[in-house]
Amino acid sequence: ARARFMYAIARGLQKHAKLLSVLEALDNGKTIRETRDLDVPLAIRHFYHHAGWAQVMDSEVRGYEAVGVVGAIIPWNFPLLMLAWKVAPALATGCTIVLKPAPSTRLTAWAFCQIVLEAGIPAGVVNVVSGDNDMAQHLSTHPGLDKIAFTGSTPVGRSIRKSLAGTGCKLTMELGGKSAMVVNVVS
């Protein structure tokens, strides 16, 4: 069933690609050419890709259990694409998600909500909250979340990491956008 919903979202993004391209350009100042030819098609491809994941999860990843409720906080520079990077894998793996877009770039996240409704996603599976940095802090410390996925600045990432320390909430962060490092703690 997840794959069917994921494919429906991808088709909805395709159906509304022109509108999404215009909203992305209005939202963060990119050219229509960039949003039409890069950002929106990549977001669509991401949902199709993860729909494939959803199709094979049970047979190829035996014993996997969904993390639960994921809180995702995304920056301003690629609003729709970052949304796809956070929402698609969460849905494909059976999680629900609460997405918090950047305060200055929310238009495509709101449009995405309509696409989710058109796709028939049950209420409460995909949630979008908007607000300033206080909302991001509130979301990142909410006790009902099982995982936080954050992309943004290093100082905010540090703050989130400190507030989650010892809570058992899983955390992934992309800070600064380059020089990624994987830290694996072995007991």
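This report looks at one helix, the nonpolar cores and the charged residues of a predicted model.

## Before we start

Because the model is predicted, local features need pLDDT of at least 70 and side-chain atom pairs count only at pLDDT 80 or more, while totals for chains, interfaces and linings use all residues. Residues are numbered from 1 along each chain as its sequence is written, and side-chain values use heavy atoms, with hydrogens and water left out.

## Helix α5

Let's begin with α5, residues 107-119. Helices (H or I, at least four residues) and strands (E, at least two) are DSSP runs, numbered from the N terminus. The expected span of a helix is 1.5 Å times one less than its number of residues, so the 13 residues of α5 should span 18 Å; its end C-alpha atoms are 19 Å apart, which agrees.

Which residues of α5 are buried? They are Thr108, Ala109, Ala111, Phe112, Ile115, Val116 and Ala119. Buried means under 20% relative accessible area, exposed over 50%, and partly exposed in between (1.4 Å probe, protein chains only). Seen down the axis of α5, its buried residues fall within an arc of 155°, so they line one face of the helix; the arc is that of the directions from the helix axis to the C-beta atoms. After α5 comes Gly120, with a positive phi near 85°.

## The nonpolar cores

In soluble globular proteins, nonpolar side chains tend to be buried together. A nonpolar core is a set of buried Ala, Val, Leu, Ile, Met, Phe, Trp, Tyr and Cys residues joined through side-chain atoms within 4.5 Å. The largest one here has 39 residues, and Met6, Ile9, Leu13, Phe47, Leu83, Phe112 and Val126 touch the most other members. Its largest share, 10 residues, comes from α4.

Not counting residues up to four places away in sequence, Phe112 touches Ile9, Leu13, Phe47, Leu83, Val87 and Val126 (contact means heavy atoms within 4.5 Å). Another core, of 10 residues, lies apart from the largest one and includes Ile73, Ala136, Leu139 and Leu164.

## Charged residues

A salt bridge is a side-chain nitrogen of Lys or Arg within 4 Å of a carboxyl oxygen of Asp or Glu. How many are there by this rule? The count is three. Lys30 pairs with Glu34 at 3.8 Å, N to O, and with Asp39 at 2.6 Å. Arg36 and Asp37 form a salt bridge too, at 2.7 Å. Shared partners join Lys30, Glu34 and Asp39 into one network.

Asp27, in helix α2, is buried yet has no salt bridge. The nearest side chain of opposite charge, Arg106, is 7.1 Å away; Lys and Arg count as positive and Asp and Glu as negative, while His and the chain ends are not counted.
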